Amino acid sequence: MGDLVREVDVAVVGGGPGGYSAAFRCAELGLEAVVVDADKRLGGACLFEGCIPSKALLHVAAVLGEAERAKEFGVDFGEPRISLDPLRKWKNERVVGKLARGLASVARGKSVEVIGGRAVFEDSRSLRVEGDEPQKIRFKHAVVATGSTPSPLPGVELRSERVMDSTAALELPDVPARLLVIGGGYIGLELGQVYAALGSEVTLVEMLDGLLPGADRDLVQHLARRCERAFKSIRLSTRVTGLRDTGSVVEARLGDGETATFDRVLVAVGRRPRSQGLGLETTRARLTDRGFVEIDERGRTADPHVWAVGDVTGEPMLAHRAMRQGKVAAEAIAGRPAAFDNVVVPAVVFTDPEVAWCGLTEHQATAAGRAVKVAKFQWAASGRAATLGRSDGLTKLVVDPETGRVLGVGIVGPSAGELIAEGALAVETAMLAEDLALTIHTHPTLSETLMEAAETLLR
Amino acid sequence: MPFSARCEINQVHDTRSGVCLAVSRQGAIRQSVLKAYNDAMSRSFTLPDLGEGLTEAEIRQVLVREGDVVREDAPLLEVETDKATVEIPSPFGGRVEKIHVQPGQTVKVGQVLVSFADGAAPAGKQAADTLDPIRKLASEPTTAVTDGGRARQTPAAATPPPRREGPVPATPSTRRLARELGVDLRAVSGSGPGGRVTDDDVRAASGGAAAAAPAEERAPAPAAAKPLARAGVEPPPLPRFEQWGPVERQPLTHLRRTIAERMTLSATLIPHVTHFDRADVTELDALIRRNLEAGQARGVTLTLTSFILKAVAESLLEHPHFNASLDPGAGELIVKRYVHLGVAVATERGLIVPVIRDVDRKPLLEVQRELGALAARVREGKATLDDLRGGTFTVTNIGALGGTGAIPIINYPEVAILGVARGREEPVVRDGAIVPRLLLPLSLTFDHRVADGADGARFASAIVRRLERPDHLLLGL
């Protein structure tokens, strides 16, 4: 078979949120863009093994939780019966499948071709596609958007189907009676809550001394309290030093020799960039010690023809950061004066209660020795929270003491993930706390808590 | 609020106008002349044809103000063309009703520069108006800029505020605007709530004098930079230097742009080759020293340059291919039967090359005398167009500024250029003994389409021979 050489303006490697955002924006700006993706479909880890399927399952967990809580106000649905086949089918077809079809049709509409296969750079201007549709692509610019992949547990080698990463856990192979979750970050907490709601007895082990490292402790506290009730146990400052598959169960050695038995283990100790095996060494692009592709504020690597966006470029590994980066890179490629100059990349943990923050955290301010004013509003005083039976929430603002500018916002409570959007807008647009206080917020809603928190600064 | 850096520039601007006003005022107010213009209709003065294919010029100074009364032939404007700075006299007298141009603006032949009123106002008042601006300047030294006739406050700060750490408070759309205008947000102080940088702050920081005016009003910005004429190769886009630190965009002056375009044209079009040689000018130097006083008695200071010009001129007669221009379209070499030598002169504004005509036919003293006068005119910006055109070969003497040699770029469309570096005493072996000799490094760059290396070597040694044997030079040998 002869070499088919395809000439394009922009070759995007990876069809996740960063990749398809870049490709779509390129197309809008009149550049011919193709996406090379091993799956031959757009969506990436976000749609197929991350954000979307996990949120679908978390919704199921939330419904189960609400039904359980309904007993408090005299409504008893009885014990839930969970059928995994219809649940998987709903998640895979009605949620993930529907969104994937949507992306495919957007790509068609914008004439962005998706080529199935693995892309390997041959030099700064060309790459080869290995797989079903082998070909050579010559590009003017390439965008590396290969994302990230779950990290294995350091020091513990065990290949067993009872030991799952987040991708496998989202496939929902069964509901194990006893589940060990390794990692108290957002993935471990979210999936731990899913499996706990479905009926698993969950033990969560975290190496550090607190859940959700990086988030302010007063926010995490509400989540920790709920997890303590929903999980069998939470072991902080504990390492998993060994895993052994006995053939029917997994034996885990925790910390200094204590062993415990589980039916399944979820390893959720983070994600690492997918930057190896791409032939990037044939270009002038450079990697950091941790394997991230180095980029400038527009997304360009040290190679003027090679750009990179999303998880492969660094923390925070979040889809919405990747999407913005993708658009910036596309505009920069098209010659526009674009830059990723965003002040905030909001973070949301979709647990129950949700934890969300953006901009400067109180913890960061303290660590940096920066003087800030912190305004807090406890949801116990919120009418809307009371009607929801959920007073376990907190809204806080981190404010510059001299100018009153909102530097950061943190929220814990139901719908915190939606509420943080207002906080992101406030920080990104350099709003003053006064602006939040003087804006009418609908009553009764949880969004009032932002206004209320801001008002405490005006007294 | 402290007065801004921009205000200081305004002051300079105003002062300059003041000086110019003083110039234009000389004999400008004559009742008799005024009377004549009172009857005249409103008239416009357009940029006249400057000759020699020149189609545009840059306004350097406006020497009059609106309301001024000027007489015929009084200087109105100073313009800079590709070749020289020229004062343009008023073709008629009268009251200046409107000035349509500003310093820095590039104007085309035929474009209206100044309108003159029909002179309906009483003559006495006009005379007073003419004097007024000078008094005004004295009493209001830091008056706000007049931008298109609209006085306004300039909001920018005196010195740029110190760069700040962390994100600059501004909305994303303002930040995008800053990128589009090439403004470093960190250097802008915010006028919005809590120090937020607003769109207006960004525009003010970007536009210099035209700052706070809305974008559409800035459209005909006079000092706006123009792209260089292309020379075939499309330059790749520049990186965003702002990402590494603050930058400032300065429009090129007309002269700088002309030099840039001509050098790009020459370097892109002509295959350059440079031949190096050294002339032993020990004897010549002694000759000059011996005759310095005698020359000065005739009002001429002898310099090495005039001898080099003579040596070049004589050598060009022997090697006429270097006194030529290539016509690639016709496939012909245009050999010039005259020897007009350009001499590169460094001025504050940039490099200018005045031309001395018929160097081969003029005695050395005459060449020396013309050289001095021409260089002085150029440095004062008083060179005429005729001083600057018609050259057949260029000599550039970089010796005064040090260095051991340089590779000059041909002054298009000439065929060659001679670079002369600083002469130095060096040890030379002569008859088995080491003796100190004064050696002058020469670099001859020529068009390889026209001449080959051997031709260049022969031409260079012809020059060297004449410099080493001043007796040959003076005898025309």
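Me: How many residues does the largest nonpolar core have in this predicted model, and which have the most contacts inside it?
Reply: In this predicted model, the count for the largest nonpolar core comes to 154 residues. Those with the most contacts inside this core are A:V12, A:V143, A:V144, A:I182, A:V265 and A:V406.

Me: Which helix gives the largest share of this core?
Reply: The largest share amounts to 9 residues, and these belong to chain A. They come from the helix that spans residues 186-198, namely helix α6.

Me: Which residues is A:V12 in contact with, leaving aside its neighbours within four places in sequence?
Reply: A:V12 is one of the residues with the most contacts inside the largest core. Once neighbours within four places in sequence are left aside, the contacts of A:V12 are A:G19, A:A22, A:A23, A:A33, A:V34, A:V35, A:V143 and A:A145.

Me: Is A:A319 buried or exposed?
Reply: A:A319 lies in helix α8, which covers residues 319-333 of chain A. A residue needs 20 or more other C-beta atoms within 10 Å to count as buried. Because A:A319 has 21 C-beta neighbours inside 10 Å, A:A319 counts as buried.

Me: What distance separates the C-alpha atoms of A:A319 and A:G16?
Reply: Along the chain, A:A319 and A:G16 are 303 residues apart.

How values were computed
Residues are numbered from 1 along each chain as its sequence is written. Chains are lettered from A and ligands numbered from 1 in the order in which they are written. This is a predicted model: local features need pLDDT of at least 70, side-chain atom pairs count only at pLDDT 80 or more; totals for chains, interfaces and linings use all residues. A nonpolar core is a set of buried Ala, Val, Leu, Ile, Met, Phe, Trp, Tyr and Cys residues joined through C-beta atoms within 7 Å. A residue is buried if 20 or more other C-beta atoms lie within 10 Å of its own, exposed if 12 or fewer, and partly exposed in between; C-beta atoms are placed from the backbone. Helices (H or I, at least four residues) and strands (E, at least two) are DSSP runs, numbered from the N terminus. Two residues are in contact if their C-beta atoms, placed from the backbone, lie within 7 Å.
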